[in-house]
Amino acid sequence: CALAPEHPQCHLLLASALASAGRPEAARSLIKRTLARFADRCISPYVMAICATRLGEHDRAIAALHQALDEHDPQVVLFALDPSFAALHGHPAWAACRARLGLPASR
């Protein structure tokens, strides 16, 4: 964030790291501040899905992934191999996300 302070995705990825480090309230606070600060900018739904996954908000993560697919978020190309979503592999809607990309239901 120090190197790219005007890049909202940096702040959101820091929030996801905070969530991974067991600091969910700090992560949620940073997400809230980031969304407010960069309300006039494009916020990647793919990155929001990463944040939601790391916060254990799996339904929200799936919804954000569908939004990323709907909006053709360029980061979706990483979806099939992104370890950020390992916790979603057992989610009932995971297969539908994969199917939208023409991928088999599981790896």
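Is Ala52 buried or exposed? At 3% relative accessibility, Ala52 counts as buried, where buried means under 20% relative accessible area, exposed over 50%, and partly exposed in between (1.4 Å probe, protein chains only). The model is predicted, so local features need pLDDT of at least 70 and side-chain atom pairs count only at pLDDT 80 or more, while totals for chains, interfaces and linings use all residues. Residues are numbered from 1 along each chain as its sequence is written, and side-chain values use heavy atoms, with hydrogens and water left out.

Ala52 sits in helix H3; helices (H or I, at least four residues) and strands (E, at least two) are DSSP runs, numbered from the N terminus. Apart from neighbours within four places in sequence, Ala52 is in contact with Glu57, Arg60 and Ala61, contact meaning heavy atoms within 4.5 Å. Ala64 is twelve residues from Ala52 in sequence, and their C-alpha atoms are 8.3 Å apart in space.

Next comes the pairing of H3 with helix H4 (residues 58-70). The two pack at an angle of about 170 degrees, with their axes 8 Å apart. Axes are lines fitted to C-alpha atoms, for helices over the stretch in contact, and angles run from 0 to 180 degrees between N-to-C directions. H3 and H4 are therefore roughly antiparallel to each other; angles under 35 degrees count as roughly parallel, over 145 as roughly antiparallel, 65 to 115 as roughly perpendicular and the rest as oblique. Their crossing is left-handed, a name used if the near helix is turned anticlockwise from the far one by less than a right angle, and right-handed if clockwise. On the H3 side, Pro45, Tyr46, Met48, Ala49, Ala52 and Thr53 meet His58, Arg60, Ala61, Ala64, Leu65, Gln67 and Ala68 of H4.

H3 also packs with H1, at an angle of about 15 degrees and with the axes 8 Å apart. That makes H1 roughly parallel to H3. The residues in contact are Gln9, Leu12, Leu13, Ala15, Ser16, Ala19 and Ser20 of H1 and Val47, Met48, Ile50, Cys51 and Arg54 of H3. This crossing of H1 and H3 is left-handed.

H1 itself covers residues 8-20, which is 13 residues. From its first C-alpha to its last it reaches 19 Å, close to the 18 Å expected at 1.5 Å a residue; the expected span is 1.5 Å times one less than the number of residues. Buried residues in H1 include Pro8, Gln9, His11, Leu12, Ala15 and Ser16. An α-helix has 3.6 residues a turn, so residues three or four places apart point the same way. The buried residues of H1 pack against H2 and H3. After H1 comes Gly22, with a positive phi near 80 degrees.

Ser44 lies in the loop between helix H2 (24-37) and helix H3 (45-54). Its relative accessible area is 4%, so Ser44 is buried. Neighbours within four places in sequence aside, Ser44 is in contact with Gln9, Asp73 and Gln75.

Last, the cysteines. A search of the whole structure finds zero disulfides, a disulfide being a pair of cysteine sulfur atoms within 2.5 Å. Cys10 is in no disulfide, and the nearest cysteine sulfur, that of Cys1, is 5.6 Å away. Cys10 is partly exposed, with a relative accessible area of 24%. The sulfur of Cys51 is 11 Å from the closest cysteine sulfur, in Cys1, which is too far for a bond. Cys51 counts as buried, at 1% relative accessibility.
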